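Dear colleague,

Please find below the structure that I am handing over to you. My notes on what was found in it follow directly after it.

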Amino acid sequence: MGEMDTLKKEADGLKTQIEAARKAVNDTTMAAVASGVAAAPRVQLKNRKTLKGHLAKIYGLHWSADNRHMVSASQDGKLLIWDTYTGNKVYAVPLKSSWVMSCSMAPSGNLVASGGLDNMCTIVNIKAASPKTLRELDAHEGYLSHSRFLSDTEILTASGDTTCCLWDLETGKQKVIYKSHVGDCMCLAVSPDQNSFISGACDSSAKLWDVRDGGCKQTFIGHTSDINAIAFFPSGTAVITGSDDCTLKMYDLRADQEVNGYQDAALNAGVTSVSLSSSGRLIFAGYDNFNCNIWDSLKAEKVGVLSGHDNRVSCIGVPDDGLGICTGSWDSFLKIWN
Amino acid sequence: MAQTNSVGQGSNGVADESPNMIVYRKMEDVIARMQDEKNGIPIRTVKSFLSKIPSVFSGSDIVQWMIKNLNIEDQVEALHLGTLMAAHGYFFPISDHVLTLKDDGTFYRFQTPYFWPSNCWEPENTDYAVYLCKRTMQNKARLELADYEAESLARLQRAFARKWEFIFMQAEAQAKVDKKRDKIERKILDSQERAFWDVHRPVPGCVNTTEVDIKKSSRMKNPQKTRKSVYGPQNDVRTHSPTHTPAQEAKPATEEQLQDQINYWGGQLDRHRLKMSKVAESLLAYTEQYVEYDPFITPTDPSNPWISDDTAVWELEASKEPGQQRVKRWAFGINEVLKDQVGREQFLKFLESEFSSENLRFWLAVQEVKKRPIREVPTRVQEIWQEFLASGAPSAINVDSKSYDKTTQNVKDPGRYAFEDAQDHIFKLMKSDSYSRFIRSSAYQELLQAKKKKSKNLF
């Protein structure tokens with residue numbers, strides 16, 4: 001088919017031109033610029049608290065904006081809301097489907113969301129007299145891999161049907177659909193100013209979206225396998241991705257390309273989750289090899305390890321005040337470190 | 001150091017689909033080096049009481065080899081990596097079902113490539129039943145079933161009651177073939193087969209490394225996936241779990257999709273890209289500016305509640321008294337002031353003292369209406385319009401004519417984002433004008449000095 005071939009040639013030609021344009025601004029490397037900076041201190045974190053209560057693999061966790069409460073989701077069919085400091089379980093939300101993949105909490109602390117193989121995002125009001133299902137957002141055609149609230153009235157979801165979506169919680173309807181990925185969307189993260197968000201997918205690319213108009217503003221390539229985890233650098237000008245190809249990458253939005261890579265020849269496990277410290281200097285990454293590694297984001301060197309889990313680290317989170325970090329694992333425990 | 005090719009290619013040339021393939025290939029590269037005749041681990045046959053133990057090496061051999069040949073510094077890391085490789089079944093302890101690496105004289109053997117996890121085995125329970133049944137036919141002490149295996153066998157006998165005759169026949173046939181094999185060969189094959197099942201049906205309490213994340217398993221369309229039985233012809237037992245949904249075939253890009261791609265990349269071509277040097281400098285500068293606010297690098301004052309069990313730092317945060325460190329942060333940028341509730345209050349207070357607070361009040365009101373329930377939005381929008389933008393408004397703000405016209409239109413059909421353009425314009429104004437005045441003001445300087453003064457008085 002002549003038409004298809006011409007189109008293919010044109011598409012490939014454009015991609016080559018863009019790679020050339022990206023290379024053109026590559027006047028140095030992050031390693032060179034960071035060589036003059038003092039090394040990050042060797043980070044030795046201790047396990048301060050272990051939250052026990054789940055009976056099966058933990059698939060997701062999310063800190064509350066109050067830096068003290070947290071929601072976690074497990075395949076035992078429950079969402080647990082914890083007061084992490086005391087270790088008490090404040091609420092338990094039973095789920096209709098136990099094949100849950102993610103959970104999140106609204107900034108107000110009033111709502112939690114969960115979703116998974118049921119293709120739905122279920123919103124629960126935990127401040128009601130007894131936790132009550134507020135909405136079931138049911139329009140995705142694939143599993144729900146991730147969700148993040150923008151407020152009590154809007155939530156973003158990422159799905160295995162290759163799209164992300166912005167929902168209005170009052171009507172329960174989709175407001176904006178973000179279409180461009182050609183593989184399952186596995187993760188998303190919201191920018192500090194809430195005007196844009198990034199998504200990582202099984203097509204090995206990460207995309208930056210405008211929340212309001214649904215347009216894909218930028219696409220970042222370079223990974224060679226599924227991107228399982230994604231996070232914004234606290235300045236909002238760069239993003240970190242973690243992938244099944246055993247590496248993490250930092251992409252800068254202004255340079256429109258990868259600016260740093262975090263890999264280790266001895267490391268042979270996929271990255272499942274990623275989170276950053278308040279200044280962005282430290283990257284915490286959870287792996288399939290039961291550990292969490294700590295990377296210096298500027299020098300791309302490993303500066304520490306968190307070991308203590310007996311199975312894969314599936315999720316990780318640093319609260320807004322940056323005082324600690326929580327890891328969740330398939331061994332059913334959540335651990336807080338500092 | 002192993003230089004792995006991160007884009008894995010299956011043996012038949014097809015790109016590896018399974019997300020775990022990259023990891024399997026990495027492990028297999030290490031195994032290949034371990035098995036190298038010259039530089040690998042020395043494999044030997046050990047004479048024991050009445051017989052020989054063929055083709056083994058000790059746990060310490062493995063650990064030593066790793067420390068020497070891989071980029072590993074200590075025993076702990078070697079044991080961790082080795083245990084993971086054992087748990088995936090690449091080598092195994094010959095006398096234990098539990099697959100871990102011990103740094104001692106325990107004997108280990110390599111697994112045969114036929115049983116490697118990269119072949120994507122998903123052995124059915126019928127295969128496991130045949131295997132356990134066969135074991136009971138071999139009357140050697142070392143082949144006695146462990147408790148958990150006996151339990152599994154009992155369960156499987158109940159589950160497959162109807163086809164047990166068929167399973168029994170298969171087990172018998174296999175036992176017959178095994179008997180004919182050379183004794184030494186049998187020892188090795190038996191142990192490898194057992195290790196295979198230790199990976200796929202692990203001892204209760206052990207990590208099952210064949211467990212796949214449900215996000216991955218529901219889309220695996222691995223062409224190499226071995227659907228056939230480990231031993232014989234097709235055993236037709238489908239597991240009924242949601243993870244076995246039929247995978248969709250990857251479709252080649254359509255004309256429409258290609259056109260979309262062309263449009264997208266065409267638009268991206270001329271975007272402005274900042275130089276790497278500038279970008280790197282800016283990221284560096286950010287981390288340096290915020291390093292004192294990063295509790296992982298700079299210890300907090302008062303102490304971190306997770307370490308000292310003292311919640312003072314949280315109480316301070318919630319109080320209305322901003323500490324010097326917190327006030328200092330407001331000077332980093334307008335977003336820092338607007339993020340912090342106390343910062344907003346102080347900013348507003350300052351502007352009110354100058355009778356120029358309408359911009360900030362408008363901005364705050366618009367932020368607030370975006371979070372209101374939809375039924376309250378039209379009224380609020382009208383109120384904001386009357387207060388700030390209508391002719392003769394009591395707190396008139398100065399917006400450019402384009403935004404003003406757009407807003408006038410929006411207000412006729414009010415939604416949450418009716419004031420988006422006006423808010424953008426006002427934000428820019430605040431940033432360059434009101435905010436810079438605030439930071440240079442004596443009110444702000446006083447707050448910055450306040451803590452210092454207080455501590456001075458203490459002495």
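The residues concerned are Val377(B), Arg380(B), Val381(B), Ile384(B), Trp385(B), Phe388(B) and Leu389(B). They lie on the same side of α17(B), because the arc they cover around the axis is only 140°. The length of this helix is also consistent: α17 of chain B has 13 residues (377-389), which at 1.5 Å a residue should span 18 Å, and the end C-alpha atoms are 17 Å apart, in agreement. Please bear in mind throughout that this is a predicted model.

Helix α15 of chain B (residues 341-353) may be read in a similar manner. Its 13 residues should span 18 Å at 1.5 Å a residue, and the distance of 19 Å between its end C-alpha atoms agrees with this. Val342(B), Gly343(B), Gln346(B), Phe347(B), Phe350(B) and Leu351(B) are the buried residues of α15(B). Their arc around the axis is only 165°, so they fall on the same side of α15(B).

For helix α4(B), the question is how many of its 13 residues are buried. The count is 10 of 13, and the helix is thus described as mostly covered. The buried residues are Thr126(B), Asp127(B), Tyr128(B), Ala129(B), Val130(B), Tyr131(B), Leu132(B), Cys133(B), Lys134(B) and Arg135(B). They pack against three helices of chain B, namely α5 (147-159), α6 (164-180) and α7 (183-200).

The loop between β4 (107-110) and α4 (125-137) of chain B contains Gln111(B). With a relative accessibility of 3%, Gln111(B) counts as buried, since the cut-off for buried is under 20%. Beyond its neighbours within four places in sequence, Gln111(B) is in contact with Gly89(B), Tyr90(B), Phe91(B), Phe92(B), Trp116(B), Gln192(B), Ala195(B) and Phe196(B).

One of these partners, Phe91(B), belongs to strand β3 (residues 91-93) of chain B. Phe91(B) is buried, at 0% relative accessibility. Residues up to four places away in sequence aside, its contacts include Met34(B), Phe57(B), Leu101(B) and Tyr108(B), as well as Ile31(B). Phe91(B) and Ile31(B) are 60 residues apart along the chain, yet their C-alpha atoms are separated by 8.8 Å.

Over all chains, the whole structure holds 37 aromatic pairs. One of them joins Trp63(A) and Trp306(B) edge-to-face, with 6.4 Å from centre to centre and 75° between the planes. This pair crosses between chains: Trp63(A) is in strand β2 (residues 58-63) of chain A, and Trp306(B) is in helix α11 (residues 305-308) of chain B. Both partners are buried, Trp63(A) with a relative accessible area of 6% and Trp306(B) with one of 7%.

A further pair lies within chain A. The ring centres of Phe197(A) and Trp209(A) are 6.3 Å apart and the planes are at 20°, so the pair is stacked. Phe197(A) is in strand β15 (residues 196-201) and Trp209(A) in strand β16 (residues 206-210), so the pair ties together parts that are 12 residues apart in sequence. Phe197(A) and Trp209(A) are both buried. In chain B, ring pairs link Tyr114(B), Phe115(B), Trp121(B), Tyr128(B), Tyr131(B), Phe196(B) and Trp197(B) into a cluster.

Charged side chains also meet a ring in chain A. Lys57(A) places its charged end over the ring of Trp330(A), 4.8 Å from the centre, and Arg312(A) lies over the face of Trp330(A), 4.1 Å from the ring centre.

Finally, I come to the contact between the chains. The accessible area lost when parts come together is often used to give the size of an interface. Between chain B and chain A, the buried area is about 7,800 Å², with 65% of it from carbon and sulfur atoms. On the side of chain B, Met276(B), Phe296(B) and Trp306(B) lose the most area to chain A, together 13% of what that side buries. The contact involves 102 residues from chain A and 76 residues from chain B.

With kind regards

Methods: Residues are numbered from 1 along each chain as its sequence is written. Chains are lettered from A and ligands numbered from 1 in the order in which they are written. This is a predicted model: local features need pLDDT of at least 70, side-chain atom pairs count only at pLDDT 80 or more; totals for chains, interfaces and linings use all residues. Side-chain values use heavy atoms; hydrogens and water are left out. Helices (H or I, at least four residues) and strands (E, at least two) are DSSP runs, numbered from the N terminus. The expected span of a helix is 1.5 Å times one less than its number of residues. Buried means under 20% relative accessible area, exposed over 50%, partly exposed in between (1.4 Å probe, protein chains only). The arc is that of the directions from the helix axis to the C-beta atoms. Rings of Phe, Tyr and Trp (its six-membered ring) pair if their centres lie within 6.5 Å; planes under 30 degrees apart count as stacked, over 60 as edge-to-face and the rest as tilted. A charge sits over a ring if NZ of Lys or CZ of Arg is within 6 Å of the ring centre and within 35 degrees of the ring normal. Contact means heavy atoms within 4.5 Å. Buried area is the accessible area (1.4 Å probe) that two parts lose on being put together, summed over both.
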